[in-house]
Amino acid sequence: MAPIDAPPTADTRTRILDVAERLVQTRGFNGFSYADVAAELGIAKPSLHYHFATKADLGEALIRRYAARFAAALVSIADRPDDARNKLDAYVALYTDVLRDQRMCLCGMLAAEYPTLPAPMRAAVTAFFDDNETWLEQVLDAGRAQGALRLTGPSDEAARIIVGGLEGAMLVARSHGDPVRFETAAGRLLADVTGAASLA
């Protein structure tokens, strides 16, 4: 007999998102089903469909929530009275924290599955990376203006190199089960791009 669920609530929606986010970050979007989420939460699949009619709807909601949290973290970093080098270190720490939790960047995982995702999810993933690159470009420009950074090229190119390099370093570090490997690669990446050898 199927389990009898309590009436759907906002808390149930949050729990669904929490479980689905972890599954995407550890397995990928195509690596889990509604049945997996329902089994972990001890609810019936109709409860999931009540909140997210399709898996694509769930995926869009996941990206929106993740991107909003990430954007809030970037605002917090930008508001600090730190110089550009410390802000870049804080940016890298966002990735390090995720990796140390034995997860991957949500949008990085989704990017690996990009051709198989519904169009709205693809657009949201691209927007996430675009927003990160825009934020980095602003930090890099400010650092160059302050004399704290010596960029080896245009700031928009440097921003793309940083985002791509960090995402790739996460994947390789994950395959080795070694977050320190990521931290070493990230430090060298920032130093090479910004001309700031003191970055770690």
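Predicted model: local features only at pLDDT ≥ 70, side-chain atom pairs only at ≥ 80, totals over all residues.
Student: How far apart are the end C-alpha atoms of helix 8 (residues 155-176), and what should its 22 residues span?

Tutor: Residues are numbered from 1 along each chain as its sequence is written, and side-chain values use heavy atoms, leaving out hydrogens and water. Helices here are DSSP runs (H or I, at least four residues), numbered from the N terminus, and the expected span is 1.5 Å times one less than the number of residues. For helix 8 that should give 32 Å, which agrees with end C-alpha atoms that are 31 Å apart.

Student: Which residues of helix 8 are buried, and why do they line one face of the helix?

Tutor: Buried means under 20% relative accessible area with a 1.4 Å probe, protein chains only. The buried residues of helix 8 are S155, A158, A159, I162, V163, L166, E167, A169, M170 and A173. Seen down the helix axis, with directions taken to the C-beta atoms, they line one face because they fall within an arc of 160 degrees.

Student: Is V125 buried or exposed, and which residues does V125 touch?

Tutor: V125 is found in helix 7, and helix 7 (119-146) is among the elements covering the buried residues of helix 8. With a relative accessible area of 1%, V125 is buried. Taking contact as heavy atoms within 4.5 Å, and not counting residues up to four places away in sequence, V125 touches I63, C107, L110, A111 and L117.

Definitions and conventions:
Helix = DSSP H or I, 4+ residues; strand = E, 2+ residues; numbered from the N terminus. Buried < 20%, exposed > 50% of the residue type's maximum accessible area, 1.4 Å probe, protein only.
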